[in-house]
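Dear colleague,

I am passing on the structure we spoke about, and I would be glad if you could look through it alongside the notes below.

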Amino acid sequence: MRVLLGVTGGIAAYKAVFVLRALREAGHRVRVIPTEAALKFVGRPTWEALSGEPVATSVFDGATGVDHVALGRSADLVVVAPATADLLARAAAGRADDLLTTTLLTVTAPVLLAPAMHTEMWQHPATVANVATLRARGVTVLEPDSGRLTGADTGPGRLPEPEAITAASLALVAPQDLAGRAVVVSAGGTREPLDPVRFLGNRSSGRQGAALALEAARRGARVTLLAASIDEAARTSAQHPAIDIVEVETTAELADAVDSTCAAADVLVMAAAVADFRPATTADRKIKKDGSAPDVVRLVENPDILATVAGRPRERLVVVGFAAETGDHDEVLELGRAKARRKGADLLAVNAVGSGKGFGDVANAVTVLDSDGEQVGEVAGSKQDVARGLWDLIAAQLH
Ligand code: C5P
């Protein structure tokens, strides 16, 4: 998607850097259009380096391409953060005195303005009227946060947090087909302690689960992300106002968390790699090389959370599992079909893992089966692409 990020001249301009990064990390192309005043707060090289795109403030920069028209026409989404009182006034009046306001007159895509200014300016009748005018025209004007302003003063006028701006912006272009739904996603890998410092675990990063949580939140769901030792990248990518992160470590803790959250949920997606076995006993002190260490670690089987939840009578909960298998395409699919029938989940996303496939930061390809093992879809690409494709299939089950 092509996003235009307008930045105007307020002290909060530095926070737009985080909005830019979040939009880029979500895979979007971003053209930054600062005003001249914005460049007094954050300079052109920052915007150019972080966006990887040229940065202009005036219609006379690069005039050969008639940038304001080309930019406006090609944009899928426009975000202005921070939007000063002056920008709100110029946009409401339909002025075209720099590249940003001129571009705002040529866009047909959704526009979101994130205001930031002193409380007096926000509450001034002129600003109130400008906001009303812009909203009546279909522009989304966020309410500023209340809190500490530039100086010692506090009150409404603070720029909303970058995650909230990014989330609200992307929600404008995402289908809101999960609005009002409660979704539980497990991610990462469970760990079963051998002693206070060692565990049996797996290589799951949690990034696919985090991408699923984020996509659901963007589509309007309230999400509980059950995080089993997810890595930092996964944790950072799941920052969204509609996502609650609940930390779990062992399979037993994950099972308890699933039970307590699923009673009120519409969808459970078990993307976590759950340890099938745990040590029969856990040493309460570190195991030493002094001859006391056991030769054999006895394992006991963990409950299958997915099969248990899927097998219970349920009225509304849609249950989705993952199956990570090794082998060639046909072998993986055959194993997946057998697993789909055995687990009884409404949907099972089957993917090949091993030798660089599936785990960590690499592209994925999954085949989605129903509880009879019949193929209902295939999705491939980045973990974000897979998350989008999977939610398309899951959302269809909800209707
Ligand atoms: O049997 P397998 O581990 O391949 O199944 C994978 C699917 O089952 C995943 O969705 C995983 O989260 C879930 N699972 C579970 N409880 C277990 C093992 C796996 O919920 N004990």
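Predicted model: local features only at pLDDT ≥ 70, side-chain atom pairs only at ≥ 80, totals over all residues.

Domains

The domain assignment divides the protein chain into domain 1, which covers residues 2-171, and domain 2, which covers residues 182-398. The contact between them draws on six residues of domain 1 and four residues of domain 2, while the centres of the two domains, taken over C-alpha atoms, are 39 Å apart. The area buried between domain 1 and domain 2 comes to about 470 Å², and carbon and sulfur atoms account for 64% of that area. On the side of domain 1, the residues that lose the most area to domain 2 are Glu163, Ala167 and Leu170, which together make up 56% of what that side buries.

The largest pocket

The largest pocket holds about 1,100 Å³ of space, and of the 45 residues that line it, Ala272, Ala273, Val274, Phe322 and Ala324 are the closest to its centre. Several elements each supply at least two residues of this lining, among them the strands β8 (182-188), β15 (299-301) and β18 (364-370), and the helices α12 (305-311) and α13 (329-343). Strand β16 (318-325) belongs to that group as well, and with four residues β16 gives the most to the lining of the pocket. Sorted by class, the lining of the largest pocket consists of 21 nonpolar, 15 polar and nine charged residues.

The cavity

The structure also holds one cavity of 30 Å³ or more, and the space in the largest cavity is about 40 Å³. Its lining is made up of Ala211, Leu214, Glu215, Arg218, Gln384 and Ala387, which divide by class into three nonpolar, one polar and two charged residues. Two helices, α9 (207-218) and α14 (383-398), each supply at least two residues of this lining, and α9 gives the most, with four residues. Both α9 and α14 also each supply at least two residues of the lining of the largest pocket.

Salt bridges

Over the whole structure, the search finds 23 salt bridges. One of the pairs that meet the rule joins arginine 219 and aspartate 392, whose closest N and O atoms are 2.5 Å apart. Arginine 219 lies in the loop between α9 and β11 (222-228), whereas aspartate 392 lies in helix α14, so the pair ties together parts that are 173 residues apart in sequence.

Backbone

Most residues other than glycine have a negative phi, and most peptide bonds are trans. The peptide bond from alanine 81 to proline 82 is cis, with omega near -10°, and proline 82 is found in strand β3, which runs over residues 77-83. Serine 229, although it is not a glycine, has a positive phi of about 50°, and this serine 229 is placed in the loop between β11 and α10 (232-237).

With best wishes

Methods: Residues numbered from 1 in each chain as written. Heavy atoms only, no water. 1 Å grid on protein atoms, 1.4 Å probe; cavity = no way out; pocket = protein on both sides within 12 Å on 5 of 7 lines; lining within 4 Å. Points joined across faces, edges and corners; volume = space filled by probe spheres on them. Nonpolar A, V, L, I, M, F, W, Y, C, P; charged D, E, K, R; others polar. Domains from an automatic or database assignment. Contact = heavy atoms within 4.5 Å. Buried area = accessible area lost by both parts, 1.4 Å probe. Salt bridge = Lys/Arg side-chain N within 4 Å of Asp/Glu carboxyl O.
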